[in-house]
Amino acid sequence: MADDIVFLIDCDNTLMDNDRVQSDLREHMEKEFGAEARDRYWSIYTELFAQLGYADYLGALQRYRLDAMNDPKLLLMAGWLMNYRFADRLYPGALDVIKHLRQWGKVVILSDGDVVFQPRKVEYSGLWDAVEGNVLIYIHKETMLEQIEVAYPARHYVMIDDKVRILAAMKKGWGDRLTTVFPRQGHYAFADDVAGYTTPDLAVERIGDLLGYDLPAFTGVEKETVS
């Protein structure tokens, strides 16, 4: 049976400060390997992101390894990534927002990413338990609406994401069945192309602000201007 409402929430820069995670990784690489190696890694990472459409930290590390086969410290980088304290990078109020939304419907983490590192991030941050294992990770989630409906059928959906591009694409597919919520967090939220997409139904400055909203705001809210 379909639920009345399902809340879909992105992970990176929506519930978790992923910009800060990347900053910590850059700092660690510079300390361990030097600025040149750090820049080389991020060049590979950026190239892979353009090819795949999602962040592949471990894949970038594997490619980087080809240039540093004899550096034993490099073998520890994967461990540093996998054991990073992701829970420390959750935005203030992130877990409280999940609890707040669960009083009205099922909450699902809907994220893009690889099949190893991204699930680890969701689990080790505490988000996996917070949503009782309701987690979907795709390559391009905005193209997976039918699959989402099969996994979590609902009369109405709410998508909370820091990327207006994602919100606009999902709104085009689901129309009035979807309420889009835009937390202005992270570098994507302030990209030059934000104003070029369909205005989200609701915009807040930070994820914790959603604690001040009740169910009607997620089912029939008037649009706000994105600036």
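What covers the buried residues of helix α3 includes α1 (18–33), α2, α4 (77–82) and α6 (117–124). Those buried residues of α3 (residues 57–65) are Tyr57, Gly59, Ala60, Leu61 and Tyr64. Buried here means under 20% relative accessible area, exposed means over 50%, and partly exposed lies in between, with a 1.4 Å probe and protein chains only. Helices (H or I, at least four residues) and strands (E, at least two) are DSSP runs, numbered from the N terminus.

A few notes on the basis: this is a predicted model, in which local features need pLDDT of at least 70 and side-chain atom pairs count only at pLDDT 80 or more, while totals for chains, interfaces and linings use all residues. Residues are numbered from 1 along each chain as its sequence is written, and side-chain values use heavy atoms, with hydrogens and water left out.

**Cores and domains**

Tyr57 and Tyr64 turn up again in the largest nonpolar core, where they are among the residues with the most contacts, together with Tyr41 and Leu210. This core has 49 residues, and helix α2 (residues 35–52) gives the most to it, with six. Because domain 1 (5–16 + 91–217) and domain 2 (18–86) both contribute residues, the core lies between them. A nonpolar core is a set of buried Ala, Val, Leu, Ile, Met, Phe, Trp, Tyr and Cys residues joined through side-chain atoms within 4.5 Å. A second, separate core of 23 residues includes Val6, Leu167, Ala189 and Val194.

The domain bounds come from an automatic or database domain assignment. Taken over C-alpha atoms, the centres of domain 1 and domain 2 are 26 Å apart. Contact (heavy atoms within 4.5 Å) links 17 residues of domain 1 with 15 residues of domain 2.

Leaving aside neighbours within four places in sequence, Leu210 is in contact with Val97, His100, Ile160, Val181, Leu202, Val204 and Phe218.

**Strand β1 and its partners**

Strand β1 (residues 3–9) is mostly covered, with five of its seven residues buried. Strands count as paired if DSSP finds at least two bridges between them. β1 runs parallel to strand β4 (residues 154–160), joined by six bridges, and Leu8 stands opposite Met159 in β4. Four bridges join β1 to strand β2 (residues 106–112), also in parallel; there Val6 has Lys106 as its bridge partner.

**Pocket and cavity**

| Space | Volume | Top contributor to the lining |
|---|---|---|
| Largest pocket | about 600 Å³ | α2, four residues |
| Largest cavity | about 30 Å³ | α9, three residues |

On a 1 Å grid over the protein atoms alone, a cavity is a set of points where a 1.4 Å probe fits but cannot get out, and a pocket is an open set with protein on both sides within 12 Å along at least five of seven lines; lining residues have an atom within 4 Å of a point. Grid points are joined across faces, edges and corners, and a volume is the space filled by probe spheres set on the points.

The largest pocket is lined by 31 residues, of which Phe49, Gly53, Lys163, Arg165 and Tyr188 are the closest to its centre. The largest cavity is lined by Leu167, Ala168, Lys171, Thr180, Thr198, Thr199 and Pro200.

**Thr219**

Thr219 sits in helix α10 (residues 215–219) and is partly exposed, at 36% relative accessible area. Apart from neighbours within four places in sequence, Thr219 is in contact with Ile5, His156 and Thr179.
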